[in-house]
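Here are a few friendly notes on charged side chains, to read with the model open beside you. Take them one point at a time.

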Amino acid sequence: MDAATGISGCGVAFVLSFIESLENAGVREGLPRLLARKLAIQTAVGSALMINDVVERNGIENVHPAVLRGDVESPGGATIAGSLALEAGGFQSSIYDAVQAATSKAKQLGKK
């Protein structure tokens, strides 16, 4: 249950942080803030709807997010370049650490 809290209970804040980061990056690249925010939110919503649709059609055991990510990463394209930059910055490792910290804290709170 603590790991579920780390992912589902705390993950909302992690996803919101990702959306905030997309927004700020868009502003840094010259977009007006409200447009960058709208694009970031719609990207998150669209991504969630996409994976949900694939899961509903194929079953969750037959869907891996990395495969779907690969489907939108064109060889030599902008998306793969951005994905490689995320990995160079430790994106997945940071997510793992965030979930581990949240799970650990949930365990501590459960002992009180």
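1. Let's start with a term: a residue is buried under 20% relative accessible area, exposed over 50%, and partly exposed in between, using a 1.4 Å probe and protein chains only. This is a predicted model, where local features need pLDDT of at least 70, side-chain atom pairs count only at pLDDT 80 or more, and totals for chains, interfaces and linings use all residues. Residues are numbered from 1 along each chain as its sequence is written, and side-chain values use heavy atoms, leaving out hydrogens and water.

2. How many salt bridges are there? The count is five, where a salt bridge is a side-chain nitrogen of Lys or Arg within 4 Å of a carboxyl oxygen of Asp or Glu.

3. Look at Glu23 and Arg33, a salt bridge whose closest N and O atoms are 2.7 Å apart. Glu23 sits in helix α1 (residues 2–28) and Arg33 in helix α2 (residues 33–58), so this pair ties together parts ten residues apart in sequence. Helices here are DSSP runs of H or I with at least four residues, numbered from the N terminus. Glu23 is buried at 8% relative accessible area, while Arg33 is partly exposed at 37%.

4. Next, find Glu73 and Arg69, whose salt bridge has its closest N and O atoms 3.2 Å apart. Glu73 is buried, at 14%, and Arg69 is partly exposed, at 36%. Elsewhere, salt bridges with shared partners join Glu23, Arg33 and Arg37 into one network.

5. Finally, Arg28 pairs with Glu29 in a salt bridge, with 3.8 Å between the closest N and O atoms. Both Arg28 and Glu29 are exposed.

Methods. Helix = DSSP H or I, 4+ residues; strand = E, 2+ residues; numbered from the N terminus.
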